[in-house]
Structures are given as C-alpha cells and as structure tokens.
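Student: Can we go through this one together? I'd like to start with the sheet and then look at the helices.

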Amino acid sequence: MSIALENITVSYQRHPAVHHASGQFVEGECTAIFGPNGAGKSTLLKAMIGALKPDHGKVHLNGFKRNDIAYLPQQSEIDRSLPVSVIDLVSTGLWHHTGPFGRVGREGHARVCAALEQVGLAEFQHRPISALSSGQFQRVLFARIVVQDARLILLDEPFNAVDAKTTYDLLELVRRWRDEKRTVIAVLHDYEQVRAYFSQTLLMAREIVAWGQTEKVLTDDNLLRAVNRAAHWQEHAPVCRVDGEAA
C-alpha cells in the first residue's frame, strides 16, 4: 500500500508549477520533498490531498482511504483568530470517529489529553489558540495528528518559523511515526533535517530531479542540477497537453 504519482502536472494561470511528476512513495518510510524556493513542493502536496486539481495525471492512493490521511498545512494558511481552545482544536482529530457534531466522550478526551502530554502542552488545554506562540501552535497541530492516528501523514513546511527546541521535539515525533511504520511525506527546506530524519527524498525543481534514498539523492551534482533548473525555468511556459506536446 503506497501513494503514487502518474505524470502529474499542476499549473497556476496556465504556468506549470509541477511538471510531469511520476513515481511512488515508499510505504512506512519518511520522505522529504526538497528543492529550491518555487520548486512546486507545496503545490505537489496539495495535489496529493486533492486540494488542487492536476491539469493532467493522477494521484493513486493504492489502498489508502481519505480517513487514513492526516494533512498539516502551512501555519500561514490557518486562521488563528477564531475563538477556539487548544483542546477543542486537538479534538477535531477525532472527527472521523465522532462525526462533525458527535461527542468526544471519555475515551476520546483521554486520547486528546495524552496527545497534548506527548507534545509537551498538557497544561495548555483551555488556552485559546490565539494566545499561543508559533512553536506552541505547531505542537498543537502535531497533537491533532497524533489523535487522528493516520497511516499517511503529509506535512507542509512543518518547521518554518518554529523555535529550535520545538523543531527538535517534533522531529523526534516524526522519528516515532517512522518506527511505527507510518508513511510520512514532508515539504522541508533544511538540508540537515532531511539527512538526519528522512530516509527517502524527492528532489524537485518543478520537475523531478532525483527520487530515492536520501544519501543517493542529495549529492552535490543533483543539488546543483536542481538550482540550475529552477533558475532557468521558463516562467511563461504553457501547460503541456495530455499527449505531452506543448499547448
């Protein structure tokens, strides 16, 4: 059971952000999506969860159901002004079990409290999310994933603008997910984080530059190819047709 890409192309205003991406993620492993700024990394992740519709190509879940997937967007995409408490937000990770209007119950409440304990925020249960720092809020979002208990976890720049201690603690949680044989796919910018915690890497520059074991992908030659390809990409290139010819 694994998630696979079949010739995915995704465009914004007919400018391709992801171009003919194909390949398969390794089940039960942690894969980093890595590359220069503007390489299409977050766009690819959004296409994988169905938030963006590809111009052509398909994403194959291959045994995963939508309930099996946990997705963490970038913090900038989340409205933190809503009057929501920490415990209420983490409890939304149980919606697949309770439904949108179901009661959490004693067992669910215990799971939520255990998740907050796991991310070091047990005493923050009733604090409004608007009062949290960026690092604290990211811990809350990771606790929600813990509660969801998903087999496929997608993270979009999870450590951006987060303090070093929080980053380390959450990376250790990612390591735990790997040990539990969950499939984790994360958009990352930090080379050392990728090398230390992610056994697989997809290196992108709108197109796939290399994909496989991290030590074989993150070579000097591949990284230089990615930078050069991103720098010379034709910003106004038209969307490709399904048959592969330029539109």
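Tutor: One term before we start: contact here means heavy atoms within 4.5 Å. Also, this is a predicted model.

Student: OK. Which strands does helix α1 lie across?

Tutor: Helix α1, residues 41–49, lies across β1, β2 and β4. Its angle to β1 is about 115°.

Student: And what is the strand order in that sheet?

Tutor: The order is β2-β1-β4, in an open sheet of 3 strands with antiparallel pairing.

Student: Which ones are the edge strands?

Tutor: β2 (15–24) and β4 (56–60), each of which pairs on one side only. From one strand to the next, the twist averages 25°.

Student: How many bridges between β1 and β2?

Tutor: Strand β1 (residues 4–12) pairs with β2 over 6 bridges, in the antiparallel sense.

Student: Switching to helices. At what angle do α4 and α5 cross?

Tutor: Roughly 135°, with the axes of α4 (residues 105–118) and α5 (residues 134–148) coming within 9 Å. The two helices are therefore oblique to each other.

Student: Is that crossing left-handed or right-handed?

Tutor: Right-handed, as α4 passes α5.

Student: Which residues make the contact?

Tutor: On α4, Arg111, Val112, Ala115, Leu116 and Gln118; on α5, Ala143, Val146 and Val147.

Student: And how does that split by class?

Tutor: The contact of α4 with α5 has 6 nonpolar residues, 1 polar and 1 charged.

Technical notes: Residues numbered from 1 in each chain as written. Predicted model: local features only at pLDDT ≥ 70, side-chain atom pairs only at ≥ 80, totals over all residues. Heavy atoms only, no water. Axes fitted to C-alpha atoms, helices over the stretch in contact; angles between N-to-C directions. Helix = DSSP H or I, 4+ residues; strand = E, 2+ residues; numbered from the N terminus. Parallel < 35°, antiparallel > 145°, perpendicular 65-115°, else oblique. Left-handed = near helix turned anticlockwise from the far one by under 90°. Nonpolar A, V, L, I, M, F, W, Y, C, P; charged D, E, K, R; others polar. Pairing = 2+ DSSP bridges.
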